[in-house]
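Hello,

Here is the structure we spoke about handing over. My notes on it follow below.

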Amino acid sequence: MTATGDTVTGDADIRDAATGVPAAIELVGVAKDYQSRGRAVPAVSRVDLEIRSGEFFSLLGPSGCGKSTTLRMIAGFEEPTRGRILLQGRDVTAVPPNRRDVNLVFQSYALFPHLDVAGNVAFGLRRRGVKGRELRERVGSMLDLVELSELADRRPRELSGGQQQRVALARALVNRPAALLLDEPLGALDLKLRQTMQIQLKAIQREVGITFVYVTHDQGEALTMSDRIAVMNGGRVEQLASPRDIYERPRTRFVAGFIGTSNLLRRTVRAVDAAGPDGRPTVVLDAGVEERLSAPLHPQTGPLRAGDQVELTVRPEKIEMSATRPDGPGCALRGRIVEVVYLGTYTTYTVATHGGNEITVFWQNSTGASNIAERGDEIWLSWLPEHSYVLPESVDLPEADDQPEAIALPAAVALPEAVALPASVDPAEAVDPAAGTSTDPVAYRVSH
Ligand SMILES: Nc1ncnc2c1ncn2[C@@H]1O[C@H](COP(=O)(O)OP(=O)(O)OP(=O)(O)O)[C@@H](O)[C@H]1O
Ligand SMILES: [Mg+2]
């Protein structure tokens, strides 16, 4: 698939219209097979994406979907099996990590225990010969940015997890890379701290204006911070869009299920109205007596005919419940409440519809609105058709081998020595090009 078409990336062109500035990071048909016991293990099947300069971009997906592999290919620690990587328009596919203007921050951000906070942040700059006033100013302004100036002379063991994380961030940012790559950097923190750090990270990113590429399997995290999100599944990008579009208009069944809670109703198409209420094609689905079910056709869904099986998706918070049949042209289904779970700010109702679906409803517990119904009650569910979508079961993703430019590596053939992929680079072994040594355990330089 291409994640660069209009429907996938959303609105604007990647290039700045006025200046023609190329994308900060571009992946063109990038794939990665690991070699394990003489066999090719596909980790990334085919990824095409463009990350804009100054953007907070997230790679989101379940464990094993290829997020870290993609990030490590951008950093240069893994070599793509196929495809090309461009940084600011320059092809860096064959460029080693230390010549790429990017910094990688890992989940395990081991700081130098024997250096204080300021020393940790200053480390990389010192090795590159920055000293005196410039060193003090750069370290000072970075500590201000991450709000650690007060703790400048503390040792890492005297800091909380979130404070340590901010030192790691400052240590990477002080190098002024064109892009910062972050692989689940908040994974070790507890939920509350993680949420605080998410807001801070986003604020810091906005302030420094550096492109952030953020890897996470936490959808809330991605929705909170990102300008755009690439949702990955099985080594591919299933949708690339803004958080709102990902949530409101999931493009595939997988995205609808992975992001938040979504109701998926498998139904038969009764009719297709080519020009629905707002001019968009609308699908009318089979429903019971007095019930109504219709939804806009997702742009990615191919043409449909009466009798086709489809899935309709609707978010739990979009659904109204009422004792009597609602008026109006919206969707309306009958059901019986089978489960009620009180969750403080809202209550979750599980409703078994007469048509055989189970539908989850989130009901906000605002004043006077709670306890509207009980387990066993017969109720009506209703929502606006535009709050739901008819989805294709899966996106039509071309196989990597279909791509003419792809140089397929025969499966089960070990790579010859000469093109052997670099073994994953342990941060502890990372080489600082400026110093030619390998002592910085985390925020090592891979640029300048
Ligand atoms: N060095 C390796 N050799 C062989 N297979 C690997 C190697 N590294 C990763 N893989 C496999 O490649 C796939 C993608 O791994 P990757 O680390 O990119 O996933 P991820 O999305 O970052 O997952 P997680 O959220 O668990 O970190 C997985 O199936 C993994 O088992
Ligand atoms: Mg990972």
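How do the residues of the shell around ligand 1 divide into nonpolar, polar and charged? There are four nonpolar, nine polar and one charged. Please keep in mind that this is a predicted model.

Ligand site

The shell around ligand 1 holds 14 residues, and those that come nearest are Tyr34, Ala43, Ser63, Ser68 and Thr69. Two or more residues each are given by strand E1 (25–36), strand E2 (39–51) and helix H2 (67–75). H2 provides the largest share, with three residues.

Confidence and overall make-up

The mean pLDDT of the chain is 80, and 80% of the residues reach 70 or more. Where pLDDT is low, the predicted coordinates should not be read in detail.

The chain has 448 residues, of which 40% are buried. Its secondary structure comes to nine helices and 20 strands. Of the contacts between residues at least 6 apart in sequence, 68% join residues at least 24 apart.

Helix H6

I looked at helix H6 (residues 191–208) in more detail. Which residues of H6 are buried? They are Arg194, Met197, Gln198, Leu201, Ile204 and Gln205. These residues cover an arc of only 140 degrees around the axis, and therefore sit on the same side of H6. On the other side of H6, the exposed residues are Lys192, Ile199, Ala203 and Glu207.

Just after H6, Gly209 has a positive phi of about 70 degrees.

Leu193 also belongs to H6. Is Leu193 buried, exposed or partly exposed? With 16 other C-beta atoms within 10 Å, Leu193 is partly exposed, because a residue counts as buried at 20 or more and as exposed at 12 or fewer. Apart from its neighbours within four places in sequence, Leu193 is in contact with Gly161 and Gly162. Gly161 is 32 residues away from Leu193 in sequence, while their C-alpha atoms are 8.4 Å apart in space.

Helix H5

H5 has 13 residues and reaches 18 Å from its first C-alpha to its last, close to the 18 Å expected at 1.5 Å a residue. Why can H5 be described as largely enclosed by the rest of the structure? The reason is that 10 of its 13 residues are buried. They are Gln164, Gln165, Arg166, Val167, Ala168, Leu169, Ala170, Arg171, Ala172 and Leu173. The elements that cover these buried residues include strand E6 (102–105), helix H3 (117–127), H4, strand E7 (179–183) and H6.

Regards

Key: Residues numbered from 1 in each chain as written. Chains lettered and ligands numbered in written order. Predicted model: local features only at pLDDT ≥ 70, side-chain atom pairs only at ≥ 80, totals over all residues. Near = placed C-beta within 6 Å. Helix = DSSP H or I, 4+ residues; strand = E, 2+ residues; numbered from the N terminus. Nonpolar A, V, L, I, M, F, W, Y, C, P; charged D, E, K, R; others polar. pLDDT = per-residue confidence, 0-100. Contact = placed C-beta atoms within 7 Å. Arc of directions from axis to C-beta. Expected span 1.5 Å × (residues − 1).
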